[in-house]
Amino acid sequence: MASITDLCNAAISHCGTRSKIASIDEGSAEANACRTHVALARDSLLRAFDWNFARLTAGLGALQNPPARWAYKYALPVDCLRLRRLNDTPLLLLPETFCEVAGDKDTTGAYINVILTNASPVSAIYTAQVADPNRWDAGFTDAFTYDLAMRVCVELTGKEDRLARLTQMRAAALRDGAAEMANEGSGLNRTYLPESLSARGYDDGTLELGQVFPVCP
């Protein structure tokens with residue numbers, strides 16, 4: 001499997017340079033640029049789509065003293081990058097009343113992220129911060145190399161014209177990876193099917209919420 005160093009070298013190659021690094025910690029200009037942006041690129045891509053490999057489900061424990069407008073308060077998992085659903089119910093269903101993601105402080109005064117809701121018990125389906133590239137899907141990995149290249153290209157090469165091309169390649173790789181992964185399962189509670197997936201032919205036969213059911217003759 002590809003290591004972070006391998007993926008950084010792929011990103012550097014996308015930039016149009018023949019330079020290579022032996023380690024992301026070696027201290028070269030290329031390694032330092034990649035080290036600056038690698039976590040940012042990873043986390044932004046993880047948040048961009050409900051990737052199967054990063055989707056976790058966790059039961060949440062109630063916290064004390066929820067705000068007056070809510071019945072319950074729960075701490076989000078520390079590795080949560082983006083909450084997708086609660087109790088497998090889409091967050092877009094009743095956004096004003098179903099739940100609210102907010103900041104709070106724990107008993108030590110440290111800031112934490114919490115979910116405020118009137119539901120109990122609560123199970124969160126969320127995108128986790130997956131740092132190990134061996135767990136990444138191939139489509140995500142491809143999009144990551146273009147995203148990282150897009151971030152470091154001008155610093156390493158000064159080629160602003162290449163940045164536009166890398167931005168297009170990153171968008172295409174993300175669309176392809178997301179469509180391929182979406183085809184691995186079906187969403188029973190889908191509220192919206194992105195146009196990027198529809199355009200690439202994704203259809204598992206599941207109706208969107210609010211869509212009229214077909215009437216049998």
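**Notes on the model**

1. Of the 217 residues in the chain, 39% are buried (buried: under 20% relative accessible area; exposed: over 50%; partly exposed: in between; 1.4 Å probe, protein chains only). This is a predicted model, in which local features need pLDDT of at least 70 and side-chain atom pairs count only at pLDDT 80 or more, while totals for chains, interfaces and linings use all residues. Residues are numbered from 1 along each chain as its sequence is written, and side-chain values use heavy atoms, with hydrogens and water left out.

2. The chain has 5 helices and 8 strands (DSSP runs numbered from the N terminus: helices are H or I with at least four residues, strands are E with at least two). Along the sequence their order is α-α-β-β-β-β-β-β-β-β-α-α-α. Among contacts with a separation of 6 or more, 63% join residues 24 or more positions apart (contact: heavy atoms within 4.5 Å).

3. Helix H2 (residues 29-48) and helix H3 (residues 138-157) have axes that come within 9 Å and cross at roughly 135° (axes are lines fitted to C-alpha atoms, for helices over the stretch in contact, with angles from 0 to 180 degrees between N-to-C directions). H2 is therefore oblique to H3 (under 35 degrees counts as roughly parallel, over 145 as roughly antiparallel, 65 to 115 as roughly perpendicular and the rest as oblique). The crossing of H2 with H3 is right-handed (a crossing is right-handed if the near helix is turned clockwise from the far one by less than a right angle, left-handed if anticlockwise). Contributors to the contact include Ala-33, His-37 and Leu-45 of H2 and Phe-140, Phe-144 and Arg-151 of H3. The residues of this contact divide into 14 nonpolar, 2 polar and 5 charged (nonpolar: Ala, Val, Leu, Ile, Met, Phe, Trp, Tyr, Cys and Pro; charged: Asp, Glu, Lys and Arg; polar: the others, Gly among them).

4. H3 also packs with helix H4 (residues 160-182): the two axes come within 8 Å and cross at roughly 160°. H3 and H4 are therefore roughly antiparallel to each other, and their crossing is left-handed. The contact includes Gly-139, Tyr-146 and Met-150 of H3, together with Leu-163, Leu-166 and Ala-173 of H4. Its residues comprise 11 nonpolar, 3 polar and 5 charged.

5. How many aromatic pairs are there? The count comes to 7 (rings of Phe, Tyr and Trp, the last by its six-membered ring, pair if their centres lie within 6.5 Å; planes under 30 degrees apart count as stacked, over 60 as edge-to-face and the rest as tilted). The rings of Phe-49 and Trp-51 are edge-to-face, because their centres are 5.2 Å apart and their planes lie at 75°. Both partners are on the inside by the accessibility criterion: Phe-49 is buried at 16% relative accessible area, and Trp-51 is buried at 0%. Trp-136 and Phe-140 form another edge-to-face pair, with 5.1 Å centre to centre and 75° between the planes. Trp-136 is buried, at 6%, as is Phe-140, at 0%. Ring pairs connect Phe-49, Trp-51, Phe-53, Trp-136, Phe-140 and Phe-144 into a cluster.

6. Two backbone features deserve a check. Most residues other than glycine have a negative phi, and most peptide bonds are trans. Asn-65, which is not a glycine, has a positive phi of about 60°. Asn-65 sits in the loop between strand E2 (62-63) and strand E3 (72-75) and is exposed, with 66% relative accessibility. The peptide bond from Ser-120 to Pro-121 is cis, with omega near -5°. Pro-121 lies in the loop between strand E7 (111-117) and strand E8 (123-128).

7. Pro-66 is likewise in the loop between E2 and E3. Pro-66 is partly exposed, at 27% relative accessible area. Leaving aside residues up to four places away in sequence, Pro-66 touches Ala-71, Tyr-72 and Lys-73. Its C-alpha atom is 9.9 Å from that of Val-114, at a sequence separation of 48 residues.

8. Gly-103 belongs to strand E6 (residues 99-105). Is Gly-103 buried or exposed? Its relative accessibility of 57% makes Gly-103 exposed. With residues up to four places away in sequence not counted, Gly-103 touches Ile-112, Asn-113 and Val-114. The C-alpha atoms of Gly-103 and Val-114 are separated by 5.9 Å, and the two residues are 11 apart along the chain.
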